[in-house]
Amino acid sequence: MRSILAVAVLVPLVAGCGVDAARQAPAQRSGDLPFQMQVVADFESPWAMTFLPDGRLLVTEKAGALLVVSPDGQQRTRVDGMPAVSSDGQGGLMDVVLHPQFAQNRLVYFSYAEAGPGGKGVVLARGVFADGQPPALQKVETLFRATPYVDGDGHFGGRIAFAPDGRLFFTNGDRQKFDPAQDPKATLGKVLRMKDDGSPAEGNPLSGKGFLPVVWSYGHRNPLGLAFDQAGQLWAQEMGPRGGDEVNLILPGRNYGYPVVSEGDHYDGKAIPRHATRPEFEAPKVSWNPVISPGGLMVYTGTLFPQWKGDLFIGGLSSQALIRVDVDGTRASKGDQWPMGERIREPEQGPDGAIWVLEDGRRGGKGRLLKLTPAR
């Protein structure tokens, strides 16, 4: 889908109660953007968000808080019942997603890093949302733990997505250990497919080839975005090494090559062969060098921005940008890269088709929630 050519003047709106006067000032952004922005709220190192059926948001903060936030940002309440998380380095409370039948079962799925035997790993859990004063997650249960736990605080992955058939997909990063991404007996560096109770789904393509039965695809580095499009195709983005950030179309049983191949090189300067040298590995649909440092990923399906329907949106961390990837069937290409002036952790589509983004932020706030609507 083509980018619109019209350019807008930025018209920031006033933030809700709870945002101090300094952060209510008009946002300063460089360049001309095709949307206007409203500052809704401010958080400490937010990581992910999802919308409840009534329009309120669930927002995760890295240190371990799950918050219920009103659409105008004026009210927020911490959700009781959350487990302790390991928030060192890239660890913390990560993704949050509603079960497809949330209206009936009230199930909320979330991921987080924890310490355990052998080191640390990423956990998939769920609980029943009780909307009281305060709200709480009840009957919290662990559904899955990455295998193995290892030392270090990087590359947890931890993204969650439900397929149209109700199966659950979950990403595990390589934990900066390289080789586990190719190891059939590890879940590290993999995209996993499960039933909604965390058990391996039937029909996983590698279970008869020596892999753990939950594995759907492998050879990934640090997949930090996961989303289905309206055709039922699964898209993921992952951080590359020094160069080589990727968008991939995730196909069953495919090997995406890391660390054997990459579109980037090691941080010490050692070269990694490119995908073109090894055609048996699945190549990315889009890659970036220099990097964008991709955060969350969404597929836009709304009507407020009809020119972008079906496209991917990615939060850019080091690039301090919101990135659009043009999608045409199974093909993808670079679209727009809008400068946002801050690290963008997560984009999400709102109930009315607005695009909401979370800035990465740090302790003490400055991780703002922004609502993007068409330029006037």
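The largest cavity has a volume of about 60 Å³. A cavity is here a set of points on a 1 Å grid over the protein atoms alone where a 1.4 Å probe fits but cannot get out, whereas a pocket is an open set with protein on both sides within 12 Å along at least five of seven lines; lining residues have an atom within 4 Å of a point. Grid points are joined across faces, edges and corners, and a volume is the space filled by probe spheres set on the points.

The structure described is a predicted model, in which local features need pLDDT of at least 70 and side-chain atom pairs count only at pLDDT 80 or more, while totals for chains, interfaces and linings use all residues. Residues are numbered from 1 along each chain as its sequence is written, and side-chain values use heavy atoms, with hydrogens and water left out.

## Cavity and pockets

The structure holds one cavity of 30 Å³ or more. The lining of the largest cavity consists of 13 residues, and those nearest its centre are Arg221, Glu238, Glu246, Tyr258 and Ser262.

The largest pocket contains about 820 Å³ of space. Its lining comprises 31 residues, with Thr50, Val97, Ala227, Phe228 and Glu348 nearest the centre. At least two lining residues come from each of strand 2 (46-51), strand 6 (93-98), strand 10 (157-162), strand 14 (223-228), strand 18 (294-299) and strand 22 (344-349). Strands are DSSP runs (E, at least two residues) numbered from the N terminus.

The second largest pocket holds about 410 Å³ of space. It is lined by 23 residues, of which Lys62, Gly89, Gln90, Arg345 and Asp360 are the closest to its centre.

The table divides each lining by residue class. Ala, Val, Leu, Ile, Met, Phe, Trp, Tyr, Cys and Pro count as nonpolar, Asp, Glu, Lys and Arg as charged, and the others, Gly among them, as polar.

| Lining | Nonpolar | Polar | Charged |
|---|---|---|---|
| Largest pocket | 19 residues | seven residues | five residues |

Strand 3 (residues 57-61) is mostly covered, since five of its five residues are buried. Buried means under 20% relative accessible area, exposed means over 50%, and partly exposed lies in between (1.4 Å probe, protein chains only). Leu57, Val59 and Glu61 point one way from strand 3, and Leu58 and Thr60 point the other way.

Strand 3 pairs with strand 2 in the antiparallel sense over five bridges; two strands pair if DSSP finds at least two bridges between them. In this pairing, Met49 has Val59 of strand 3 as its bridge partner. The hairpin of strand 2 and strand 3 has five residues between the strands, and Gly55 takes a positive phi near 95°.

Strand 3 is also joined to strand 4 (residues 66-69) by four bridges, and the two run antiparallel. Here Val59 stands opposite Leu67. Strand 3 and strand 4 form a hairpin with four residues between them, and Gly64 in the turn has a positive phi of about 130°.

An open sheet is formed by four strands in the order 10-11-12-13, with antiparallel pairing. Strand 10 and strand 13 (215-218) are the edge strands, each pairing on one side only. From one strand to the next the twist averages 20°, where axes are lines fitted to C-alpha atoms and angles run from 0 to 180 degrees between N-to-C directions. Within the sheet, five bridges pair strand 11 (residues 168-172) with strand 12 (residues 190-194) in the antiparallel sense. Phe169 has Arg193 in strand 12 as its bridge partner.

## Salt bridges

A salt bridge is a side-chain nitrogen of Lys or Arg within 4 Å of a carboxyl oxygen of Asp or Glu. By this rule there are 21 salt bridges. One of them joins the side chains of Arg159 and Glu346 (3.0 Å, N to O). Arg159 lies in strand 10 and Glu346 in strand 22, so this pair ties together parts that are 187 residues apart in sequence. Arg159 and Glu346 are both buried.

Another salt bridge links the side chains of Arg274 and Asp265 (3.0 Å, N to O). Arg274 is partly exposed, with a relative accessible area of 27%, whereas Asp265 counts as buried at 18% relative accessibility.

The side chains of Arg278 and Glu280 also form a salt bridge (2.5 Å, N to O). Arg278 is partly exposed at a relative accessible area of 34%, and Glu280 is partly exposed at 48%. Elsewhere, salt bridges that share partners join Asp311, Arg324, Asp326 and Asp336 into one network.
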